[in-house]
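Here are my notes on this model, jotted down while going through it. Have it open alongside as you read.

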Amino acid sequence: MQVWARQLSLPGFNPTTFLSSESEQLTWQREGLASDTLSAQNALAVLHGLQTPLVIDPSSQAIEWLKAHMKVQGYACEVMPQHDSHFNNTLELAVRFGKVLIVAEVDRVHPILYPLLRNDLGKQTGRLVVPVGDKLVDHNPSFKLYLVTRNASPVLTPDVGPLLTITNFSITYSGLES
């Protein structure tokens, strides 16, 4: 990054301060995000990335921050492990009604999520629909999906890895100093 900034004559360029304001970063910290640079960069990737984020969060600090952040933003947020017996129904309702769904304990990505990760939207009588399991579900554009795991090495098949923005919120030494 520093080489690129020098070549473009942008000394002191910082992508974190370019993509977010100091006020926004302070708000994230009030919501529970650590104050180190890596956490701010991860927050940017999670909130502004184009793909579904897979958050590696061994300490559960990031999931707590994400829940608090979504609440402050006014989103109806639900957290559910993908191995829960009601997961398919919860996923369907979240897609239909535009909720934020945080899928916890993701050690591998369940195939029911693939159409959502690929953004396989279709039109059916003027409505946007997406396959969820064996159903076509109306897709609300407010729907947001976040995958969270405590596992430092989740099992990702070659076809799903490129569909995710992987962010690692593991505790670092600089984070402990902050």
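The points below go from the ground rules to one helix, then the cores and the aromatic rings.

1. Ground rules first: the model is predicted, with local features needing pLDDT of at least 70 and side-chain atom pairs counting only at pLDDT 80 or more, while totals for chains, interfaces and linings use all residues. Residues are numbered from 1 along each chain as its sequence is written, and side-chain values use heavy atoms, leaving out hydrogens and water.

2. Just past the helix, Gly98 has a positive phi of about 70°.

3. Strands 2 and 3 pair in the parallel sense over five bridges (pairing takes at least two DSSP bridges). From strand 2 the chain runs through helix 6 to strand 3, a right-handed β-α-β crossover, meaning that the path over the helix runs clockwise with the strands pointing away from the viewer. Within this pairing, Cys77 sits opposite Val100 of strand 3.

4. Now the largest nonpolar core, with 24 residues: Leu91, Val109, Leu113, Leu117, Leu145 and Leu147 touch the most other members. (Such a core is a set of buried Ala, Val, Leu, Ile, Met, Phe, Trp, Tyr and Cys residues joined through side-chain atoms within 4.5 Å.) Helix 6 gives the largest share, four residues. Another core, of 18 residues, lies apart from it and includes Leu33, Ala43, Ala62 and Phe169.

5. Which residues make up the aromatic cluster? Ring pairs join Trp28, Trp65 and Phe169; rings of Phe, Tyr and Trp (its six-membered ring) pair with centres within 6.5 Å, and planes under 30 degrees apart count as stacked, over 60 as edge-to-face and the rest as tilted. Trp28 and Trp65 are edge-to-face, at 6.3 Å centre to centre and 80° between the planes. Trp28 is in helix 3 (residues 22–30) and Trp65 in helix 5 (residues 61–72), so this pair ties together parts 37 residues apart in sequence.

6. The rings of Trp65 and Phe169 have centres 6.5 Å apart and planes at 35°, so that pair is tilted. Phe169 lies in the loop between strand 8 (164–168) and helix 8 (173–177), 104 residues from Trp65. Both Trp65 and Phe169 are buried.

Technical notes:
Helices (H or I, at least four residues) and strands (E, at least two) are DSSP runs, numbered from the N terminus. Buried means under 20% relative accessible area, exposed over 50%, partly exposed in between (1.4 Å probe, protein chains only).
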